[in-house]
Amino acid sequence: MTIETASSLHRPIKIWTDSLSSLMVILNPKSHHSMVREIQTLLLSRKHIHLRWLKVHVGYLGNECADQLAKETITKGDPFFLLKPLSYLKSEIKSASLSIWQDNGNNGETGRRSHDIVPRVSNKPVGWNGEELMFVTGHGPFPSYLHRFNLRIHDNCSCGEKGNPMHYATKCQFTLSSHFQTPTVSLKLQWLKNILTNNLSRTRLRLLMCFICDENNLIVEDNN
């Protein structure tokens with residue numbers, strides 16, 4: 001609207017804005033947005049109009065007045081449209097998605113062990129491989145996991161104890177060569193974090209999981 005008004009004047013006009021993103025959109029020759037293309041056409045045909053950027057909230061009187069008028073317009077519920085670049089929309093969608101994901105992680109009933117180790121959600125991978133993920137989540141060839149889905153009639157290991165990841169990492173007689181020191185209950189979470197941040201321990205953990213996967217018939221007591 002400002003550019004359209006300025007185009008009818010026949011003297012040099014400078015239009016100042018604190019929206020650097022809007023200026024970058026207008027300067028993008030590859031933009032396919034219809035409004036952006038209209039603005040670009042106007043600016044090309046009206047050489048007396050110049051766009052300038054100024055830093056926000058540093059005391060420019062005109063800019064402060066414009067911000068106040070914008071807030072009043074929004075408060076009154078009048079139509080108010082601000083052109084936003086695609087990068088801005090992507091950033092907003094990403095932020096909203098992470099917020100929902102974080103809320104689900106904080107208040108969910110599943111995935112508690114993974115959440116305890118990595119409490120903050122992120123779209124960046126944690127760097128765990130398949131074997132490490134199975135151990136952390138407990139979702140693997142463990143009797144304790146298979147029993148939950150009625151794939152085993154009980155959750156015992158062949159040695160008679162409950163067959164969960166911690167059992168195979170610290171107690172099971174079939175995995176003696178891969179045992180880690182048994183942590184106290186209060187230090188169990190820190191124990192797991194230490195393993196996942198130490199390359200040698202991670203290698204031992206992967207070998208343990210490979211053995212459990214390859215020798216599952218040995219460590220899982222037969223249903224019969």
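Q: Are Phe180 and Trp191 buried or exposed in this predicted model, and what does the word mean here?
A: Both Phe180 and Trp191 are buried. That label means under 20% relative accessible area.

Q: Why is the pair of Phe180 and Trp191 called edge-to-face?
A: Their ring centres are 6.1 Å apart and the planes meet at 90°.

Q: Where in the chain do Phe180 and Trp191 sit?
A: Phe180 is in the loop between helix H9 (165-170) and helix H10 (188-196), while Trp191 is in helix H10, eleven residues apart.

Q: What makes Arg204 count as sitting over the ring of Phe180?
A: The charged end of Arg204 sits over that ring, 4.1 Å from its centre, and the distance cut-off is 6 Å.

Q: How many aromatic pairs does a search of the whole structure find?
A: Three. One of them joins Tyr145 and Phe149, with centres 5.1 Å apart and 65° between the planes. The angle is over 60 degrees, so this pair is edge-to-face.

Q: Why does Phe149 count as partly exposed?
A: Phe149 has 45% relative accessibility. Buried is under 20% and exposed is over 50%, so Phe149 falls in between.

Q: Which residues touch the most other members of the largest nonpolar core?
A: Among the 21 residues, they are Phe135, Tyr168, Trp191, Leu196, Leu205 and Ile212. Helix H7 (130-137), H9, H10 and helix H11 (199-214) each give two or more residues to this core.

Note on methods: Residues numbered from 1 in each chain as written. Predicted model: local features only at pLDDT ≥ 70, side-chain atom pairs only at ≥ 80, totals over all residues. Heavy atoms only, no water. Phe/Tyr/Trp six-rings, centres within 6.5 Å; stacked < 30°, edge-to-face > 60°. Buried < 20%, exposed > 50% of the residue type's maximum accessible area, 1.4 Å probe, protein only. Helix = DSSP H or I, 4+ residues; strand = E, 2+ residues; numbered from the N terminus. Lys NZ or Arg CZ within 6 Å of the ring centre and 35° of its normal. Core = buried A, V, L, I, M, F, W, Y, C linked by side-chain atoms within 4.5 Å.
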